[in-house]
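Welcome, and thanks for taking a look at this one. Please open the sequence and the structure below, and then we can walk through the fold together.

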Amino acid sequence: MLFSELKQSLQNGIMPIYLLQGEDSFLQRTALAMLKKHSLLEPDINLTTFSGKDLKDGFSSLVSAVRSFPFISEKRFVVINEFYPTQKDLKSKDLISVLSGENDTTVVIIINEKASPSLSKMQSITVVDCSKPSEAFVLNYIKSLAQKSGVTITQDGIETLVNYTAGDL
């Protein structure tokens, strides 16, 4: 799904596993914030974060985090940054159990700058495209942000801002 479709999809409930994939870190952070706002209470005790490098020696800590029950919340979140599993990794029983999406109390969110075809192909993973957005998306985003902030900006001003920043949010 495109980043712009994420908010609408959350109206149908949160999925067990998300892959926020693409080079736009602003869209990744915004998507993560949307997911947290939807289903994460008490992030100090219901959020565990890993780096893909942390998992090179095995997946036991990841499995433990995913299997932990949330506290004062329906869901807990496990975030993995820059995780590109190898084919050998994908045969690990521990990783298979995490990526199956069968744990209904934990949401796993993988945030990758580069594409991960092996993860993208898995049916249990909801892929959110966080690639650089189109110019039309950026124009609409800036206009919407200005309106929400009570600021007036002309269309020429918005276009100048987009051109000046090369559309980088």
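**Briefing: sheet, helices and rings**

Strand S2 (residues 47–51) and strand S3 (residues 76–81) run parallel and are joined by five bridges. Please keep in mind that this is a predicted model.

- The S2–S3 pair belongs to an open sheet of five strands, with parallel pairing and the order S2-S3-S4-S1-S5.
- S2 and strand S5 (126–129) are the edge strands, and each of them pairs on one side only.
- On average, neighbouring strands of this sheet are turned by 20 degrees against each other, direction ignored.

**Helix H4 and the strands**

- Together, S2, helix H4 (residues 60–67) and S3 form a β-α-β unit, and this unit is right-handed.
- H4 lies across S2, S3 and strand S4 (106–112), and the helix runs at about 155 degrees to S3.

**Helices H1 and H2**

- How do helix H1 (residues 3–10) and helix H2 (residues 25–39) cross? Their axes come within 10 Å, with a crossing angle of roughly 5 degrees.
- Angles under 35 degrees count as roughly parallel, and H1 and H2 are therefore roughly parallel to each other.
- On the H1 side, the residues that meet H2 are Phe 3, Leu 6, Lys 7 and Leu 10. Their partners in H2 are Leu 27, Thr 30, Ala 31, Met 34, Leu 35 and His 38.
- Sorted by class, this contact of H1 with H2 has seven nonpolar residues, two polar ones and one charged one.

**Aromatic pairs**

- With ring centres required to lie within 6.5 Å, the count comes to two aromatic pairs.
- One of them is formed by Phe 26 and Tyr 141, at 5.7 Å centre to centre and 75 degrees between the planes. Planes over 60 degrees apart count as edge-to-face, and this pair is edge-to-face.
- Phe 26 lies in H2 and Tyr 141 in helix H7 (residues 135–148), so the pair ties together parts that are 115 residues apart in sequence.

Terms used:
Residues are numbered from 1 along each chain as its sequence is written. This is a predicted model: local features need pLDDT of at least 70, side-chain atom pairs count only at pLDDT 80 or more; totals for chains, interfaces and linings use all residues. Side-chain values use heavy atoms; hydrogens and water are left out. Two strands pair if DSSP finds at least two bridges between them. Helices (H or I, at least four residues) and strands (E, at least two) are DSSP runs, numbered from the N terminus. A crossover is right-handed if, with the strands pointing away from the viewer, the path from the first strand over the helix to the second runs clockwise. Axes are lines fitted to C-alpha atoms, for helices over the stretch in contact, and angles run from 0 to 180 degrees between N-to-C directions. Angles under 35 degrees count as roughly parallel, over 145 as roughly antiparallel, 65 to 115 as roughly perpendicular and the rest as oblique. Contact means heavy atoms within 4.5 Å. Ala, Val, Leu, Ile, Met, Phe, Trp, Tyr, Cys and Pro count as nonpolar, Asp, Glu, Lys and Arg as charged, and the others, Gly among them, as polar. Rings of Phe, Tyr and Trp (its six-membered ring) pair if their centres lie within 6.5 Å; planes under 30 degrees apart count as stacked, over 60 as edge-to-face and the rest as tilted.
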